[in-house]
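Subject: Structure for you to look at

Hello,

Here is the structure I promised to pass on. Please open it before you read further.

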Amino acid sequence: MIPNESAIKATVDYTSYKAAQERALPKFKYYAQMMAELRNTLDKEIRPLMNH
């Protein structure tokens with residue numbers, strides 16, 4: 001679980017993303033993919049730093 005997940009979603013500019021993409025994901029899939037990628041980044045890059 002990511003703390004403040006709803007606050008993170010509230011700051012995402014889906015409208016700009018959709019305008020810039022030829023084949024934009026639907027909003028719910030976009031949020032799901034964004035949060036999955038954030039979790040992945042946190043697990044691979046941030047968590048190891050916290051363990052040292």
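Below is what turned up, from the whole chain down to single residues.

Please keep in mind that this is a predicted model. Every value here is computed from it.

**Overall fold**

The protein chain has 3 helices and 0 strands. In sequence order the pattern reads α-α-α. The radius of gyration is 13 Å, while the globule rule gives 10 Å for 52 residues, so the protein chain is more spread out than a compact globule. The C-alpha trace covers about 40 × 20 × 15 Å along its principal axes.

**Surface and charge**

Buried residues make up 17% of the 52 in the protein chain.

**The tyrosines**

A pair of aromatic rings is described by the distance of the centres and the angle of the planes. How many aromatic pairs are there? The count is 4. Take Tyr 14 and Tyr 17: the ring centres are 5.7 Å apart and the planes meet at 45°. Stacked needs under 30 degrees and edge-to-face needs over 60, so a pair between those limits counts as tilted. That is why the Tyr 14 and Tyr 17 pair is called tilted.

Both residues belong to helix α2, which runs over residues 14-20. They are 3 residues apart there, so about one helical turn separates them. Are Tyr 14 and Tyr 17 buried or exposed? Both are buried.

Asn 4 sits in the segment before α1, which covers 5-11. Most residues other than glycine have a negative phi. Asn 4 is not a glycine, yet its phi is positive, at about 60°. Asn 4 is exposed, with a relative accessible area of 59%.

Ser 6 is in helix α1. Its relative accessible area is 60%, and the cut-off for exposed is over 50%, so Ser 6 counts as exposed. Ser 6 and Met 34 are 28 residues apart in sequence. In space, their C-alpha atoms are 12 Å apart.

**Leu 38 and Met 50**

Leu 38 lies in helix α3, residues 27-50. Is Leu 38 buried, partly exposed or exposed? Leu 38 is partly exposed, with a relative accessible area of 26%. Which residues does Leu 38 contact, leaving aside neighbours within four places in sequence? The contacts are with Ile 2 and Ile 8. Lys 18 is 20 residues from Leu 38 along the chain, and their C-alpha atoms are separated by 19 Å.

Met 50 is also found in helix α3. Met 50 has 65% relative accessibility and counts as exposed.

**In short**

The protein chain is made of 3 helices and 0 strands. It is more spread out than a compact globule. Asn 4 has a positive phi.

Best wishes

Methods:
Residues numbered from 1 in each chain as written. Predicted model: local features only at pLDDT ≥ 70, side-chain atom pairs only at ≥ 80, totals over all residues. Heavy atoms only, no water. Phe/Tyr/Trp six-rings, centres within 6.5 Å; stacked < 30°, edge-to-face > 60°. Helix = DSSP H or I, 4+ residues; strand = E, 2+ residues; numbered from the N terminus. Buried < 20%, exposed > 50% of the residue type's maximum accessible area, 1.4 Å probe, protein only. Rg over C-alpha atoms; globule rule 2.2 N^0.38 Å. Contact = heavy atoms within 4.5 Å.
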